[in-house]
Amino acid sequence: MIALAWRNLWRAPGRSLTTAGVVALATYVGLLTFVLTWALLNGIFQTATERTGHLVVRVAGYEQAALEARYFPQAVEARVRGRVKNAVVEGVLSHPALVAGGRRGLGAVVFGFEPGGRNDRVLVQKHLVAGQGLRPGGAVMGRALARRAGLAPGDAAYLFAPGALGMGSGLLPVLGLVDLPESRLEANFVATDLATAQALFAPGLLERVEVTLPWVRRYAEAERIRALQEALAQALGSGYQVLRWDQAYRGMGTLLVAYRRWLYLFVLLFFVLAALMVLNAVYLSFYERIRELGVIAALGATPAQLGRLVWTEATLLSALGAAAGTLLGLATAWRLARGFPMIAAEEYAQFGIPKVLYGELHAGDLGFTLLVAFLSSWLAALLPAYLAMRLEPVEAMRHAGD
Amino acid sequence: MALLKAKNLVKVYRGDGVETPALRGVDLALEAGEFAAVAGPSGSGKSTLLHLLGGLDLPTLGEVWLEGTRVDRLSRSQRARLRLQKVGFVFQAYNLIPVLTALENAAFVLELRGVPRREQRARAMEALSALGIAELAHRRPNRLSGGQQQRVAVARALAARPAVVLADEPTANLDSKNGLALIELMRRLNREAGITFLFATHDPRLLAHVDRVIRLEDGRIVGEERR
C-alpha cells in the first residue's frame, strides 16, 4: 500500500512537487522563525542581564519608597555574596542629580560602581568613545548628555543632588564619554566610582546589589534563575526583594513572554496555508482516481483500506516536504548559530538588541514544527479519505474522472 | 449446496425521479466447478446480475447467497471482506492499476489480504505463468497489449484462489486471436484447477466454450442451455 501511495504521488509530479515544496517552505519558515526568535531573545536577554544582572536585590517596596528609604547597608552585598555560588555580585548606588557643565544644567542619573567591576566593563569600557575609563574621583558620561551640557573629557562637571544623605554636591573631572546603544540611557548617564557616589549621595549605602550568573547565558536557561531567586529572598528576609532580570527590566520581560506565545501561532498559520495545498493536491488526486479506487474497492479493499491509501499519500507528501524543509532549516540554523549581523542594528539597539545575534534551534521547536506539519496534512487528508471510504464500487467504476 | 445462489433478485435504479428496472426477479444457482455464462443483449441486466452476485451492489429485493453466507445482509465492510476472500473479478476494461507492474497487479488482492510479501510474489508469479505471461511480470500496464493486460487481470483474480471468478465481458476488448487464447486458458484452468467461472458476455466465441448458458433479456431469465 505504501508503494502504491508513493507511486500515485508521481502520477502528477508537478502537483506533488509543488505541494511538497509548500510543506517544505512552511517547515523551513517555521524553523527559521524559531531560530531567529531565539537569536533575538538571546540578544535581548544578554543586553538586559548586562544592564541589571540576572538577579537584583533591592529594598522591599522600593518603587513606592522615598528616595532615601531605597538605600540599604553595604554589608548586604557580602551577605548576598555568601549565599550565591559561581556568581558575580556587585553593589551599585544610583541617584538622580543635576549635572552642570559649561553650557547648562541637566537632569541625570549618577551610577556608582567599582572601577574594573562588571558594570564598569559592560557600561564604560565596552562603549568608551572618548577620553579615559573610570578612575576613583572622576566621572564618565554619556556622550549625548555631555554634548547637551557642553562638557568634554578634561572638563569638570558639577553634580548637585539636594536632599541627598551625603554631601549632595561635588565637582568631578570628566574622564571619558560613552556611546551607549540605548539613547535614553546615554542622555542621562553619569558613572563614578562607588566610594565617590556614596560620599555624594548616601555614605555606606547601596541602592541595589546585582547578581550575574556566568552559567546562565541563554534565554532558554532563564528558568534556572527561579530557584536561586527564591533561596536568596528567603535568606535576606522580608526587608528585601529579589527581582529576576525580567522583573527588573519589566517591559522587556513581558514583551518577550508575549512574543514567544505569538510565535507558535505564527508557525501554526504557515501550516494552515500548507494544509490547504495538501488538501487541494490530495483531493484532486482522489477525484481523478475515483474509478480506480472503485476497482480497488471491488477487488475487496475495505473502506478503512481505501481511506488509509488516501491518508498515506498525504502523509508521504508531507513527509517529503517536511524532510526537505527540515534539512534546509537545520543547515540554516547551523549557519546562523555562528552569528549574523542584525538588520538596522543602530535602530534596534534602542530596544536592547545586539548588533550580532546567534541563532538557536531547540529540539522541542523542531518537534513542534514537524508535529504541526504532519497534523495539518492529516487534517487536510481527512475529507478525501472520508470520501474514499464512502465510495460505492459500482458507482465509482462508472466515474469518468480520469 | 450451491456455491452461488440468487433468489428472486430485483434491482431498480432510481435517479432524477425515474425508476429503471435492471433485474425483474432472477433465480439462479451456480455449482462449484462450473464454467457458465450469462448471455444477453446490451441492457439485459448481465453486468447488474454479476455485480449483485459478487456483492458489489445490493439488490432492491431478493437474496444472494455465497457459500452459505447471505451477501445482501452484510455491511459495506463485510461485503468487501467477502469479495476479498471469495470472489475474483475480471472486468471488460481490464482495470489494472497503472502504477503497478504486472506482478504487483497480480499480487494486489493478496496484498489487500495481508499475505506476506514473499508468498504474494510466488502466487502471483504462479498465476502469471499459468497464463503464459511470466516474462512480462515487471512491465507496467501501459507497456502491455490489451490481451496481455486482460491476462494480468485474470491472473489477479486467480492468484487469490477465490471460490468463484466473475468476469464481465472479459473478451469484449480483445481481437479474435487474443480473445480465443484467453478463453482457452480460462477453460483449462477450470478443468485442471476446478476454478468456477461465471461470465457475463454476448461474445459467441466465449459462449461456444462454456458448459452452461443462462439467457437474460430485459432483466429476466428467458432460457438456459447445458452442454
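This is a predicted model: local features need pLDDT of at least 70, side-chain atom pairs count only at pLDDT 80 or more; totals for chains, interfaces and linings use all residues.

Which residues surround Met141(A), once its neighbours within four places in sequence are left aside? Met141(A) is in contact with Ala146(A), Leu151(A), Ala157(A), Val174(A), Leu177(A), Phe189(A) and Val190(A).

Now for chain A as a whole. Its secondary structure comprises 15 helices and 14 strands. The radius of gyration of chain A is 31 Å, well over the 21 Å that the globule rule gives for 402 residues, so chain A is more spread out than a compact globule. Along the principal axes, the C-alpha atoms of chain A fill a box of roughly 100 × 45 × 30 Å. The centres of domain 1 and domain 2 of chain A, taken over C-alpha atoms, are separated by 52 Å. As for burial, 44% of the 402 residues of chain A count as buried. Among contacts in chain A with a separation of 6 or more, 80% are between residues 24 or more positions apart.

| Property of chain A | Value |
|---|---|
| Radius of gyration | 31 Å |
| Box of the C-alpha atoms, along the principal axes | roughly 100 × 45 × 30 Å |
| Separation of the centres of domain 1 and domain 2 | 52 Å |

Next, the meeting of the two chains. Here 17 residues of chain A are in contact with 18 residues of chain B. On the chain A side, the elements giving two or more residues are helix H1 (2-9), helix H11 (290-299), helix H12 (303-336) and helix H15 (393-398). H11(A) supplies the largest share of that side, 5 residues. By class, the side of chain A that touches chain B has 10 nonpolar, 4 polar and 3 charged residues.

Finally, a look at chain B. Is its helix H1 (residues 46-53) largely enclosed or exposed? In that helix, 8 of the 8 residues are buried, so H1(B) is largely enclosed by the rest of the structure. Its buried residues include Lys46(B), His51(B) and Leu53(B). Just after H1(B), Gly55(B) takes a positive phi of about 75 degrees.

Definitions and conventions: Residues are numbered from 1 along each chain as its sequence is written. Chains are lettered from A and ligands numbered from 1 in the order in which they are written. Helices (H or I, at least four residues) and strands (E, at least two) are DSSP runs, numbered from the N terminus. The radius of gyration is taken over C-alpha atoms; the globule rule is 2.2 Å times the number of residues to the power 0.38. A residue is buried if 20 or more other C-beta atoms lie within 10 Å of its own, exposed if 12 or fewer, and partly exposed in between; C-beta atoms are placed from the backbone. Two residues are in contact if their C-beta atoms, placed from the backbone, lie within 7 Å. Domain bounds come from an automatic or database domain assignment. Ala, Val, Leu, Ile, Met, Phe, Trp, Tyr, Cys and Pro count as nonpolar, Asp, Glu, Lys and Arg as charged, and the others, Gly among them, as polar.
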